[in-house]
Amino acid sequence: FQVAAISAASTPVVINELMAANSGAVLDPQGEQEDWIELFNPNAQAVDVSGWMLTDDQEDPAKYSIPSGRSIPAGGYLLIWADNEEGQTTSESDPHAAFGLTGTGESMGLYTPDGRQVDYIAFAAQVQNVTEGRYADGSSSIFQMAVPTPRTTNKLFQATSLVRTGNAMRVNWNIRPSMQYRVLYTDSASSTNWQAWGADIQTNS
């Protein structure tokens with residue numbers, strides 16, 4: 001089969017999610033707690049990313065090149081372990097980059113083989129086992145996400161339990177410090193008329 005070459009300038013692959021402070025939330029195939037980067041292809045057809053470059057040093061775009069033979073399917077993802085262990089890459093595995101991420105904050109750039117910048121993301125100090133990424137996938141809005149989603153759709157929120165007793169409903173979810181939460185409800189899932197249920201919930205720092 002052939003993978004079509006798509007203009008990165010018009011329909012870019014993006015840096016969709018990253019984890020720079022991983023203490024066991026996601027393990028690589030070697031069982032190690034490594035940083036990682038997820039690329040997302042928003043196009044309707046596959047994109048060949050062989051030779052595309054990732055870097056955490058914008059003065060050195062060619063710090064790491066994605067191995068040949070790698071493509072991202074339409075609406076799909078490519079996970080890259082940012083562990084400075086490039087030698088662990090095989091033809092069947094997720095690639096391992098030649099650098100690691102800095103949990104205190106830095107920037108990431110994605111470039112085509114001819115040196116054109118396709119995407120750029122800067123992030124501040126990270127929270128352990130919390131990722132930072134785009135929501136919805138491929139959008140310009142970037143959030144911290146308590147539920148890591150490598151190789152799949154990003155999620156801002158995920159309930160840990162949902163219990164109904166009679167006419168009452170109880171929802172539990174994991175919280176993060178210094179955040180404000182608002183519960184909304186509606187009479188129909190197809191309705192756009194969502195209303196606040198009770199007061200906002202503020203968590204402590």
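**Close-up 1. A hairpin built from β12 and β13.** Strands β12 and β13 make a hairpin, and two residues sit between them. In that turn you'll find Gly 166, whose phi is positive at about 65 degrees. β12 covers residues 159-165 and β13 covers residues 168-173, and they pair in the antiparallel sense over six bridges. A word on terms: two strands count as paired if DSSP finds at least two bridges between them. Strands themselves are DSSP runs (E, at least two residues), while helices are runs of H or I with at least four residues, and the numbering starts from the N terminus. Keep in mind that this is a predicted model, where local features need pLDDT of at least 70, side-chain atom pairs count only at pLDDT 80 or more, and totals for chains, interfaces and linings use all residues. Residue numbers start from 1 along each chain as its sequence is written, and side-chain values use heavy atoms, with hydrogens and water left out.

**Close-up 2. An open sheet of four strands.** Here the strands come in the order β5-β4-β8-β9, with antiparallel pairing. β5 (64-65) and β9 (117-123) stand at the edges with a single partner strand each, so one side of each has no neighbour in the sheet. Zoom in on β4 (residues 53-55) and you'll see that β4 and β5 pair in the antiparallel sense over two bridges. Met 53 stands opposite Ser 65 in β5. As background, strands of a sheet pair through backbone hydrogen bonds, either parallel or antiparallel.

**Close-up 3. The largest nonpolar core.** A nonpolar core is a set of buried Ala, Val, Leu, Ile, Met, Phe, Trp, Tyr and Cys residues joined through side-chain atoms within 4.5 Å. The largest one has 24 residues, and Ile 37, Leu 39, Leu 54 and Met 108 touch the most other members. The elements giving two or more residues to this core are β1 (14-19), β2 (35-40), β7 (77-82), β8 (106-111) and β9. There is also a second, separate core of five residues, including Val 26, Trp 36, Leu 79 and Trp 81. Back at Ile 37, the residues it touches include Ile 15, Leu 54, Leu 78, Phe 99 and Met 108, leaving out residues up to four places away in sequence. Contact here means heavy atoms within 4.5 Å.

**Close-up 4. Pro 42 in its loop.** Pro 42 is found in the loop between β2 and β3 (47-48). With a relative accessible area of 45%, Pro 42 is partly exposed. (Buried means under 20% relative accessible area, exposed means over 50%, and partly exposed is in between, using a 1.4 Å probe and protein chains only.) Setting aside neighbours within four places in sequence, Pro 42 is in contact with Pro 12 and Val 13. Its C-alpha atom is separated by 9.6 Å from that of Ile 72, 30 residues apart along the chain.

**Close-up 5. A nonpolar patch on the surface.** Tyr 135, Phe 143, Leu 156, Phe 157, Leu 162, Met 169 and Val 171 form this patch, with about 640 Å² of accessible area together. Patches are made of residues with over 30% relative accessible area and no salt bridge; nonpolar side chains (Val, Leu, Ile, Met, Phe, Trp, Tyr) are joined within 5 Å, like charges within 9 Å. The areas come from the Shrake-Rupley method with a 1.4 Å probe, and for residues only the protein chains shown count as cover. Tyr 135 lies in the loop between β10 (131-134) and β11 (142-145), and at 37% relative accessibility it counts as partly exposed. Met 145, in strand β11, is buried at 0% relative accessibility.

**Close-up 6. Salt bridges.** A search of the whole structure finds four salt bridges, each a side-chain nitrogen of Lys or Arg within 4 Å of a carboxyl oxygen of Asp or Glu. One of them joins the side chains of Asp 94 and Arg 151 (2.5 Å, N to O). Asp 94 is in the loop between β7 and β8 and Arg 151 in the loop between β11 and β12, so this pair ties together parts 57 residues apart in sequence. Asp 94 is buried at 18%, whereas Arg 151 is partly exposed at 43%. Another salt bridge links Arg 134 and Asp 119, with the closest N and O atoms 3.0 Å apart. Arg 134 lies in strand β10 and Asp 119 in strand β9, so parts 15 residues apart in sequence are tied together.
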